[in-house]
Structures are given as C-alpha cells and as structure tokens.
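Subject: Structure for your review

Dear colleague,

A description of what was found follows directly after.

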Amino acid sequence: MYSISINIILFVSPLFFIFAWIGSVKASRLLYSSSIERLNRKTRKLLFWSWFPVLPAALIIATIAWMQQTMEQDFWLDRVFIQAPLIIVPILAIWFAAVPKLIKLKRVTKQILAEQATNEHSLADQDEHNAALQPNSPVYQRAASPALILPFQMTALGALTALYFAWVPPMPLQWLEITVPLAVFVLATAGLWARHHIRFKQIGKAPNYVVPAFWKRASAMLGVCVIIAGSAYYLFTTAINNSELPTEIDMASGTVNYGGQAIPVGMSSHNQQSSVEGLNGSSAKTVSVADLTGPQEGTPNRRFTLTAQKKTVTLSSGKTIDAWTYNGQIPGPELRMKEGELVEITLVNEDIEQGVTADWQGLDVPNAEDGVAGATQSAVMPGEAHTYRLRAEQVGTFWYHSNQVSQDSIRSGLFGALIVEPKETPMQTVKDITVMPHQWKEAGMAIGSTDQLERMTIEPGTSVRMRLINTDDWVQQKYTLIGTHFEVAAIDGTELNKPDILTNTHIVAAAWGRYDLTFIMPEHPVYLSVGDNGRLGILMSPDGKGEVPAISRTVAFDPLHYGSPAATPVDANSRFNHDFTLILDHKLGFYNRNIDFLYTMNGHVFPDTPMPMFKEGDLVKTTIVNRGNVDHPMHLLGHHMLVLSRNGKPSTGSPWWTDTLGVQPGETYEVAFVADHPGL
C-alpha cells in the first residue's frame, strides 16, 4: 500500500502541475480576448477548467492524509507541512477568490451580450452595438484583476514546487534545501502579483482597453523564455559538472556521524584522521585497516584456492552461459570447515579485467579479511593473487562472492557457498542440502547449474537441513516447502531459539539473505519450490520418483514473533552509546554527470552519505526508515545486528540476528549490535 501511495504522489504530481499550468495560461489570456463575446466564452471555459486541478490535488492530499493517519512521522512530515500547503492554499485561492470573480465576469459579459441581442437596431444603433462588443476598460479591468489571475498562476507555481519536493524530498529536514525552493515560490508569486496589480491600474485609467498586438505579446513571452532557459541551462550545466566523481575516492570521506554523542573536545568533524584519534582518546593512534588481519601465525587446518576465470558453463537443460566463475564452475566450490578452525584461502584472478575480491557474506571476520575493494583491500587484478587467513568462529550458513563492482560480478557468477559446521559431529546423520538459486541474464533461474526439476532420493526418517541462500543482488526470493511440516532453524547463519513447527508457510529471503529449514523426511514426496511459479525446485522422495505436489495457499514466514526469547548481549533496554537514524529514500538528481532517480541515505548519495563512527565495544542502535518505493537489503559487514522492532512492534520471539535485513517500502526497523570488529 505504501508503494502505491508513493507512486501516486510521484506520478500524479506532474499531472497536477500540467492541469494547473494550463489553467494559469487560460487565466492570463482572458485579457487578449478581442471582443466581449470571446471574453464570455473564455471565461466559461476557465470556470469549467477550474475543476481539473482539483482532481489530482484531491488524490495527492488524500494519499498524504492516509500516510499521516497510518504511519510514523518520518514518512509524512515533509509531505504534510511542505507539499500539502503548496497544493491546498492555491487551490483554495482559486475557489474562494478567482472563481467568484469569474462568475461575476461571466454574468456581466452575458448581460452585455443579452442586452444588445434584444434591442432593435437602426443603422446608427448597429454601430453602437458593434462598439459595445469591442474591448472596454471597465469589463477588461475585471479580467485583469490580480485576484482572478494570480490564484491560477500560484497554483501552477505551487504544483511545480510540490513536484520538486516530491522528486527531491528534503528528509531528514534540511532547512537550506527547504528554504531555497520556498523562497523562489514566494518571490515568483510576489512578482506576478506586482505585475498584475500594475496592469490592473493601467487598464482602469485607460478610457478604452486596446488588446496588445500579437508581436508585442510574443516578444515579451520570448524574453521570459530566454531568461528561464538561460537560468535553467546555467543551473543544469553547473549541477552536471559538480556531480562528476573524482578518479579516486576516499572511502572515509563521508560526513562523520556520532549518533547523538557529542564530538570530543578539540576534534573537528571534518577531519577524518583526528576524528578517529579523538573518538578513541587523545593518546590513541590510528590503525591501518591493513593491520586488522586474521591470525598470521600457525598452520591452517584447511587451505582452499579460488581461481576467478571466465568460463562457458552448460546448465542441465543444455543451455550455455558465458559466466565469471570461481574454479570454472557455478556456483564456486563449496567451502566447508569446522568451528574454530584456522582457514587459509588464496584468491587468484586469471582473467577478470575489472578485478575481483572474496567477501565472506555474514561471516564476521577481521576487517582486513573482509574482501571489499577500496575499503578493506585493493581489488585483485588479472595475474595477481591475495591470501585470506581467518578463523571460523561462527557455526552456520554463509556464502562468498566478489565485492568488486558486486552488481556485475555476482550476476555473472562469482559466488559460492561457505558452511561452518559445529566442532562436534551430531549423533544423528543429517542430509545437508545447499540451495543457491540464481537469476541468469541469458538462461533465467537455475539452482546451481540445474535449471530443471531436480530429484533427490532420501530415506524416510532422515533428518534434513536445507540451506537456502539468495544470491540475487536486489530481488527477494520465495521458497515454499510442500509435503511436510518444518522448522526455521537459523537465519543468516544464527540458530534460532526453540523454533516452532510450521505448515503452509513460505519463506521470503532478502537479497543475499539465508534461511536454514529442518524437517524429518516422511514416507511421501516433499517439494521445495523456488520462486513464484512452482516450476523450479527440488523433489525429494524415498525412491527418487513421484509427482510434484500441488502448491496450496501459504502465508509468509515472520521472524518477529517466531520461537522463544533468550538472553542477548544487547537488547531494547540496553544503554546505547550511539543512536543513529538512516532514512532511505530516492531523489531526482545528478550523479557522475548523469541524471537519474538516485537512492539516498539521509538525503545524500555516496560519497556524501553519513559515516557512523564509534569505539570498539560500544553498543549501537540504528533506526532504518525506508521512505522509498523499492525494498532495500541492508547489509552490515563484519557484524550481525539484532532486530529490536519493526514498525513500532517489538520482537518477541527468538532473538533475530541478521546481517542482511530486507527493509520494505514503508517499513521502519530498530536494530542493535555490539561494535566488536574495529575497522572501516
């Protein structure tokens, strides 16, 4: 519903402006009527047109009112106090000032025409009749009234300003971004009023009103257009030039945000190095990210080599994909290790021109081992290699991928599963199944290298654990398990406390999110459907045969109230060292010399987005507000965050730890974490 509301405001606002602008043109051209008859006709048309701006305006205002009644103020504050007045006040001016004057003008012109039509005319009388039909100052002074013309023009200006605020929202409220457009609106309105007031007096003084020649009107309009076009061109080119990104960007160049904590004495919020030193105490020294490594001594328990290379891969249907791969396969080789083991992984780039890294999604590792090019390491270019050393301290389902231009590299195939098993081998044998669906541009959806129905033979009574990993970079993934009851055992690599038994429930995993499902294999087929149409999935049965069962109606799994509470190192009652707010939105703007709808954090895009800063060990709370019309998977590298609440409703089930939180349009999440992995 919220997404629909946003789209109404975004796409109805231009329609409102168009209707208001047409009305303003009609109002200003009343004076150019060459006869009373034409003036009467144009007045009637303008009265009819007065309804047109009301319809889109009413729809926008109703939408804003719905937001104000149903949502938190971050979603409607600017819309109620900025956009709504810009729409309502001019519309009211039309109906309480302009329309009454139009009605009087229509009545006067109609009366003049009626009187002349009912009289018998001599030849001399006909001359008087013709004269009465020509422009005369008293009637045209009514048409020149500022109270008649200005409300229509003010509505067009208000609609344009409201459209600007709809497309460039000033949230969080930023007074300069609010004041400048409003000042332009006020000054333009005042200028138009002055112009109409002067013309109104001039017409009243003239014995006869003479309609300006067309060339004079056209010249004046051309002059106005040249001024507007010149100003627009100057602002446009300036904005384009200012938006160009430098060749290199300091990843720590954002605006430092202390989350409500005062800036330490003697420290400048614009000096990144002094900020780090000041935050950690005057005697503290800055530490290079390159020094925040995993254990460099000791023989690894496991060694892996990942070679990034281009490869043509064949799917189960025979379709081929020109992919970027690790070790020539899709997905890359599954990396399995035991809790507590020291692992060494060597990444080799054979031929990926843009460079590669290896990021361990959800595995909280030292900063220098978390492969984010430009932040924690340089990209590994063709012919180069990089070695990661880390200790697997978490048990669960993770995955790895390249974080060098991740949108391209992951879509092209640079990803694979990473599983950390418990130290102790479970007494009962578990059938462990990793499910990594991926949307290929050339071939559609596939699970691993299988783009057809996959069959598995599983003995009845076997414990099954299905590890669901969403590898797509923006799209949510739907999983439906049919034919058995099941439990959600883990989210994003963290086990849930006392999970409940579920039936007729589907899972929606955020982009890059993971869910572990567990169940006991029954004596009949069980089907895992991936996606919405049910055609792609895994059919499990005692003999490897059987038909895909029908998919009944299901409800979405909600982690907020699932399972039982348990103690956590941070919770809603903690005394937080920092409290941040991230408002996700969109705005029309320039970025690197291109104009587009940009996704923003607190009104800015990288590199000007807020940079939260805190000390190791601090308790941090963050409120995430999605004001936009697309979902945002919020990923916190190096940490898991605990969900405290969603849309004001507290989490009451098992502690919901996540590293990839899917925040839908209109949603507000409160999350918390312990800052226990220092770095960038």
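The chain holds 11 helices and 32 strands. Its radius of gyration is 33 Å, well over the 26 Å that the globule rule gives for 680 residues, so the chain is more spread out than a compact globule. Please note that this is a predicted model.

Overall form and surface

The C-alpha trace spans about 115 × 70 × 50 Å along the principal axes of the chain. Of the 680 residues, 48% are buried. When contacts between residues at least 6 apart in sequence are considered, 76% of them join residues at least 24 apart.

Nonpolar cores

In soluble globular proteins, nonpolar side chains tend to be buried together. The largest nonpolar core here has 45 residues, and the members that touch the most others are Val-435, Met-466, Val-488 and Met-540. With neighbours within four places in sequence set aside, Val-435 is in contact with Ile-447, Met-466, Arg-467, Leu-468, Ile-469, Tyr-479, Leu-528, Val-530 and Ile-538. Another core, of 32 residues, lies apart from it and includes Phe-16, Ile-60, Ile-64 and Leu-77.

Gln-361 belongs to strand β6, which covers residues 359-361. Its relative accessibility is 0%, and Gln-361 therefore counts as buried, the cut-off being under 20%. Beyond its neighbours within four places in sequence, Gln-361 is in contact with Phe-398, Trp-399, Tyr-400, His-401, Trp-512, Arg-514, His-635, Asp-659 and Thr-660.

Ser-654 sits in the loop between β29 (649-650) and β30 (657-658). With a relative accessibility of 1%, Ser-654 also counts as buried. Residues up to four places away in sequence not counted, Ser-654 touches Leu-496, Asn-497, Tyr-562, Gly-563, Ser-564 and Pro-565.

Most residues other than glycine have a negative phi, and most peptide bonds are trans.

The loop between β3 (320-326) and β4 (332-338) contains Pro-331. Ile-330 and Pro-331 are joined by a cis peptide bond, with omega about -15 degrees. Asn-327 is found in the loop between β3 and β4 as well. The phi of Asn-327 is near 60 degrees, a positive value in a residue other than glycine. At 31% relative accessibility, Asn-327 counts as partly exposed.

The loop between β24 (594-601) and β25 (610-612) holds Pro-607. A cis peptide bond links Phe-606 and Pro-607, with omega about 10 degrees. Asn-602 also lies in the loop between β24 and β25. Although not a glycine, Asn-602 has a positive phi of about 50 degrees. Asn-602 is buried, its relative accessible area being 12%.

Yours sincerely

Note on methods:
Residues numbered from 1 in each chain as written. Predicted model: local features only at pLDDT ≥ 70, side-chain atom pairs only at ≥ 80, totals over all residues. Heavy atoms only, no water. Helix = DSSP H or I, 4+ residues; strand = E, 2+ residues; numbered from the N terminus. Rg over C-alpha atoms; globule rule 2.2 N^0.38 Å. Buried < 20%, exposed > 50% of the residue type's maximum accessible area, 1.4 Å probe, protein only. Contact = heavy atoms within 4.5 Å. Core = buried A, V, L, I, M, F, W, Y, C linked by side-chain atoms within 4.5 Å.
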